[in-house]
Amino acid sequence: MRAFATAVLFVAAALAQAQTPLDAFIAQVEAAYPGTPSVTATAMRTGSATPRAILVDVREPRERAVSVLPGSITLDTLARLGPPDDRPIVVYCTIGMRSADWTQRLRDDGWVNARNLSGGVLAWAAAGGAFVAPDGRPTRAVHVYGRTWNHLPDGYTATW
């Protein structure tokens with residue numbers, strides 16, 4: 001909840017300063033979490049920066065009930081699996097604020113391969129990334145917080 005409140009405070013300033021609202025969100029997250037490693041959605045999609053990465057969705061159950069990134073797991077599942085030996089962990093949420101917070105927590109707890117997905121599911125969609133419904137079917141529906149947060153490209157359906 002703290003991360004969400006922090007994100008809301010950044011929105012007004014970010015929207016006034018950046019080229020696009022999504023760019024503004026990404027810049028504000030990076031400013032709020034300096035030194036927290038991140039990876040771009042484009043690099044994730046090509047596999048160039050994080051081959052064999054474990055995707056960890058830190059969004060709320062109601063958000064995951066709409067769609068997830070294919071192959072992703074929850075924090076609970078990650079905890080049961082334990083730290084992977086050398087595989088990177090890429091943590092994501094809607095815009096990257098909650099996932100940056102969780103990335104830092106994981107790194108502080110010794111999960112040194114954790115990285116934040118810069119821009120979250122919004123950047124993933126902008127990069128043309130796929131989403132699946134909980135039953136595994138492809139979907140173009142994505143949970144965002146509300147109209148202010150809806151920076152999905154054409155062809156995606158926002159829900160909140």
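**Entry 1: surface and overall make-up**

I began with the surface: the protein chain exposes about 7,900 Å², and carbon and sulfur atoms supply 53% of that area. I note here that the model is predicted. Of the 160 residues of the chain, 47% count as buried. I then looked up the secondary structure and found seven helices and nine strands. For contacts with a separation of 6 or more, I recorded that 65% join residues 24 or more positions apart.

**Entry 2: helix H2**

I turned to helix H2, which covers residues 21-32 and has twelve residues. From its first C-alpha to its last, H2 reaches 16 Å, close to the 16 Å expected at 1.5 Å a residue. Its buried residues are Leu22, Ala24, Phe25, Ile26, Gln28 and Val29. I kept a general point beside this list: an α-helix has 3.6 residues a turn, so residues three or four places apart point the same way.

**Entry 3: aromatic rings**

I asked how many aromatic pairs the structure holds. The structure holds three. One of them is formed by Phe25 and Trp149, a stacked pair with 5.1 Å centre to centre and 15 degrees between the planes. Phe25 lies in helix H2, whereas Trp149 lies in the loop between strand E8 (141-143) and strand E9 (157-159), so this pair ties together parts that are 124 residues apart in sequence. Tyr145 also pairs with Trp149, here edge-to-face, at 5.0 Å centre to centre and 75 degrees between the planes.

Is Trp149 buried or exposed? Trp149 counts as buried because its relative accessible area is 7%, under the 20% limit. Phe25 is buried as well.

**Entry 4: charges over rings**

I next looked for charged groups placed over rings. The charged end of Arg105 sits over the ring of Trp102, 4.3 Å from its centre. Arg140 lies over the face of Tyr156, at 4.0 Å from the ring centre.

**Entry 5: helix H6 and Thr103**

Helix H6 comprises residues 97-108, twelve in number. I noted a reach of 17 Å from first C-alpha to last, close to the 16 Å expected at 1.5 Å a residue. The buried residues of H6 are Met97, Arg98, Ser99, Ala100, Asp101, Thr103 and Leu106. After the helix comes Gly110, whose phi is positive, near 100 degrees.

Thr103 counts as buried because its relative accessibility is 0%. Which residues does Thr103 touch, not counting those up to four places away in sequence? They are Thr36, Pro37, Val91, Ala114, Arg115 and Asn116.

**Entry 6: Thr40**

My last entry concerns Thr40, placed in the loop between strand E1 (38-39) and helix H3 (41-46). Thr40 is partly exposed, with a relative accessible area of 44%. A polar atom of its side chain lies 3.0 Å from the backbone nitrogen of Ala43. Leaving aside neighbours within four places in sequence, Thr40 is in contact with Leu117 and Ser118. I also looked up Ala127, which is 87 residues from Thr40 along the chain; the C-alpha atoms of these two residues are separated by 9.2 Å.

Technical notes. Residues numbered from 1 in each chain as written. Predicted model: local features only at pLDDT ≥ 70, side-chain atom pairs only at ≥ 80, totals over all residues. Heavy atoms only, no water. Helix = DSSP H or I, 4+ residues; strand = E, 2+ residues; numbered from the N terminus. Expected span 1.5 Å × (residues − 1). Buried < 20%, exposed > 50% of the residue type's maximum accessible area, 1.4 Å probe, protein only. Contact = heavy atoms within 4.5 Å. Areas by Shrake-Rupley, 256 points an atom, 1.4 Å probe, with all protein chains shown as cover. Polar contact = N/O pair within 3.5 Å; in protein donor to acceptor, adjacent residues only side chain to side chain. Phe/Tyr/Trp six-rings, centres within 6.5 Å; stacked < 30°, edge-to-face > 60°. Lys NZ or Arg CZ within 6 Å of the ring centre and 35° of its normal.
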